[in-house]
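Visitor: I'd like to go through this one with you, a piece at a time. Where shall we begin?

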Amino acid sequence: MQLEREITKEALVVRASGELDVRTSPEFREVVDQWLLSTDRRRLILNLTKVQFLDSTGLGAILGRLRKAQELGREMALIPPSGVARTLVDTSALSRVMSVYRSERLALGEEAETSHG
Amino acid sequence: MDEQGAALTDARRVEAAGAAADNRMVLEVPSLPVNAELCRLAVAVFAAALPFTLPEIEELKVAVSEAVSNCILHAYPQGPGRIVVRSSFDDGAVVVEVQDWGTGIADIEQARQPSYTTSRDPDHVGLGFTFMEQFTDALEVVSSPGRGTLVRLRKAPHSRSRGAGA
């Protein structure tokens, strides 16, 4: 799994790629939490478009980041992976507890709308 | 690929499936996090002898990953123990058994409920058995506290579109 971040005016954008499972979840958790703590942006946008494998352990790590973001008074948005991994996100009803967007652009667009409107 | 080429590839796949019918694979690994990927990939390659679609192979990988992750996360709290993954074919389906000799499950019905988890880690969502059921045609769980757990799953190609299984 690889992680990269970009800090926009209002959001911490985290892009993950590769496999999110029992091996990679601890690192995912540690790195994203560290990035969350090191910035004061009010939104965390988690882009999983390039995640090729996801299972329930990975879903738990995603849900855990929502909890962490909320603890810090932040909002979290998710761009889910495609294929079977998307089915997992749908089954877990993650979309009921966090905003889900089709693309990073849409997630950031929402940010612009909110900040100007 | 043209139609003739596709038909030929299908024919080869069916031939390969016939030849593979007697194939078997036994994998023994310690319950280390790195082995979830190893097990699901090995089973995916083994199962690919049957005419599974790519999404079906991905579903099988998730199911195997859940079973092996359960062994890694829950079976051996004292330190790494044995996980054995056996794969075979039966009547056009792949059958995968994932076994450990660890903690065991006291109440299997309860463990299979969505969102049930024994873990105190807040990051555990308790959907492992839900995904194993969702992505396979049949799932059996045999377990005994203190003696271990055996998960047996079965998946056939195109089972949903044919209306078989589940």
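**A starting residue**

Visitor: Which helix of chain B does B:L38 lie in?
Guide: Helices here are DSSP runs (H or I, at least four residues), strands are E runs of at least two, and both are numbered from the N terminus. One such helix in chain B covers residues 34–47. That is where B:L38 lies: helix α2.

Visitor: Before going on, what kind of model is this, and how are things numbered and lettered?
Guide: Residues are numbered from 1 along each chain as its sequence is written, while chains are lettered from A and ligands numbered from 1 in the order in which they are written. Local features need pLDDT of at least 70, side-chain atom pairs count only at pLDDT 80 or more, and totals for chains, interfaces and linings use all residues; the model is predicted.

Visitor: Which label does B:L38 get: buried, partly exposed or exposed?
Guide: The rule counts other C-beta atoms, placed from the backbone, within 10 Å of the residue's own: 20 or more is buried, 12 or fewer exposed, anything in between partly exposed. B:L38 has 15 such neighbours, so the label is partly exposed.

**The sheet of chain B**

Visitor: What is the strand order of the sheet in chain B?
Guide: Two strands pair if DSSP finds at least two bridges between them. The sheet in chain B is open, with antiparallel pairing, and its edge strands, each paired on one side only, are β1 (24–30) and β4 (138–144). The order is β1-β2-β3-β5-β4.

Visitor: What is the bridge partner of B:R24 in β2(B)?
Guide: β1(B) and β2(B) (residues 82–90) run antiparallel to each other over seven bridges. The partner of B:R24 in β2(B) is B:S88.

Visitor: At about what angle to β1(B) does helix α2 of chain B run?
Guide: Axes are lines fitted to C-alpha atoms, for helices over the stretch in contact, and angles run from 0 to 180 degrees between N-to-C directions. Helix α2(B) lies across β1, β2 and β3 (93–100) of chain B. Its angle to β1(B) is about 175°.

Visitor: And which strands of chain B does helix α3 touch?
Guide: Helix α3(B) spans residues 54–75, and its direction makes about 10° with that of β3(B). In packing on the sheet, α3(B) touches β2, β3 and β5 (148–155).

Visitor: Which element gives the largest share of the side of chain B that touches chain A?
Guide: In all, 23 residues of chain B contact 20 residues of chain A. The elements of chain B giving two or more residues to that side are α2, α3 and α5 (128–134). The largest share, ten residues, comes from α3(B).

**Over to chain A**

Visitor: What is the strand order of the sheet in chain A?
Guide: This sheet is open too, but its pairing is mixed. The edge strands of chain A are β1 (2–7) and β5 (99–100), while β2 (residues 11–20) and β3 pair in the parallel sense over nine bridges. The order is β1-β2-β3-β4-β5.

Visitor: Why is β4(A) called largely enclosed?
Guide: β4(A) pairs in the parallel sense with β3 (residues 43–54) of chain A over five bridges, and A:I45 has A:A77 as its partner there. β4(A) covers residues 75–79, and the reason for calling it largely enclosed is the number of its five residues that are buried: four.

Visitor: What radius of gyration does chain A have?
Guide: The radius is taken over C-alpha atoms, and the globule rule is 2.2 Å times the number of residues to the power 0.38. For 117 residues, a compact globule would come out near 13 Å, and chain A agrees with that at 13 Å.

Notes:
Two residues are in contact if their C-beta atoms, placed from the backbone, lie within 7 Å.
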